[in-house]
Amino acid sequence: MEVALGAGAAMFAVGIVDDRMGLSPRARLAALTLIVLAVFAIDPLFILRTLRFGLRNWDFGVTLGMLAVPVTALMIIGFVNAVNMADGINGQFLGSVTIWSLFVARYLGIDFGAPFYIIFCSTMVTLAFNLKGRLFSGSSGAYTASFLIGLGTIAAYRRGGALSAIEPILWFWLPVLDCVRLMVSRKIAGKSPFRGDRNHIHHILQAYFGIGSPYVLASYLGLLAAPGLAAALMNDRVSGTLALFACVTGYAMLVYARPGTHTVRAEEAGLPEQQKPLSATPALRMSEKAPAARQAEHRKLTTLGSN
């Protein structure tokens with residue numbers, strides 16, 4: 001884990017520069033890619049050669065071969081980017097790291113999992129201040145913690161074989177799925193996939209419960225943790241997989257039945273102003289009624305004139 005901790009320090013430095021100067025998405029991506037490749041060069045054990053899946057008596061593996069390096073790098077880079085994009089409300093990121101650190105430490109044991117128990121304790125303390133708006137992780141904290149969680153998951157996977165490729169899906173599904181959905185929807189709307197908007201899952205939960213409601217964070221962390229907790233408590237990946245299907249279904253319902261979906265502003269939906277639905281604003285709704293109002297006024301004046 002010394003290599004992982006050193007790489008985490010490098011990510012912390014990148015995050016500090018981003019917090020102070022504001023790095024472009026390409027610069028952040030380049031820095032993260034260089035650090036990941038440096039980790040692979042120093043310790044090739046972090047490269048995933050085979051992906052093992054197992055559900056009770058149904059086990060199979062996928063050998064990556066020459067794709068091992070790019071696939072593993074894509075997993076780490078994509079995860080870090082997804083977690084950074086998901087950090088939008090107090091407690092969201094630190095609560096997620098608290099959950100993930102326990103999941104990872106469970107498979108690493110006491111000795112190898114010690115750094116993640118430390119991460120758990122430190123995030124619990126920081127979370128108490130973060131919920132009060134007194135302390136924030138920033139890019140430096142988001143990059144470092146998510147990077148270490150990613151490398152720790154690979155280390156747990158490579159150690160002993162108890163962890164299959166299914167568990168990380170159960171743990172990390174929510175920020176990764178939300179990131180993919182956002183990037184695809186932005187691309188379809190003709191926007192940059194890295195451009196910010198108010199279409200994240202926490203914004204959708206705020207549309208249901210209201211900004212500042214404690215149910216927003218509770219719902220997010222509940223959806224995030226449920227599949228992994230089901231698998232851990234039942235000691236059964238099938239239970240976790242069933243919980244995952246239920247959570248993904250709930251996520252889809254939340255996204256596509258979002259309150260105010262048909263009255264969202266054009267700039268938030270990524271639509272040009274001329275493509276804005278006519279029912280989107282009160283002013284345009286009044287303009288729809290204007291012709292009927294003018295006709296009624298004309299009939300009234302005609303009646304008065306005849307009298």
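Me: In this predicted model, what makes a residue count as buried?

Reply: A residue is buried when its relative accessible area is under 20%.

Me: How do you know that the length of helix 9 agrees with its number of residues?

Reply: Helix 9 runs over residues 214-234, and its 21 residues should span 30 Å at 1.5 Å a residue. The end C-alpha atoms are 28 Å apart, which agrees with that expectation.

Me: Where in helix 9 does a kink lie?

Reply: A kink of about 40° is placed at Ala 226, shortly before the proline Pro 227. After helix 9 comes Asn 235, with a positive phi near 50°.

Me: Why is Leu 131 called partly exposed?

Reply: Its relative accessibility is 46%. Buried requires under 20% and exposed over 50%, so Leu 131 falls in between. This residue belongs to helix 5 and, beyond its neighbours within four places in sequence, contacts Asn 90, Gly 91 and Leu 217.

Me: What makes Val 180 partly exposed?

Reply: Val 180, in helix 7 (residues 166-188), has a relative accessible area of 46%, and therefore lies between the 20% and 50% limits. Together with Val 176, Val 184 and Ile 188, Val 180 makes a nonpolar surface patch of about 350 Å².

Conventions:
Residues are numbered from 1 along each chain as its sequence is written. This is a predicted model: local features need pLDDT of at least 70, side-chain atom pairs count only at pLDDT 80 or more; totals for chains, interfaces and linings use all residues. Side-chain values use heavy atoms; hydrogens and water are left out. Patches are made of residues with over 30% relative accessible area and no salt bridge: like charges are joined within 9 Å, nonpolar side chains (Val, Leu, Ile, Met, Phe, Trp, Tyr) within 5 Å. Accessible areas come from the Shrake-Rupley method with a 1.4 Å probe; for residues, only the protein chains shown count as cover. A salt bridge is a side-chain nitrogen of Lys or Arg within 4 Å of a carboxyl oxygen of Asp or Glu. Helices (H or I, at least four residues) and strands (E, at least two) are DSSP runs, numbered from the N terminus. Buried means under 20% relative accessible area, exposed over 50%, partly exposed in between (1.4 Å probe, protein chains only). The expected span of a helix is 1.5 Å times one less than its number of residues. The bend at a residue is the angle between axes fitted to the seven residues ending there and the seven starting there. Contact means heavy atoms within 4.5 Å.
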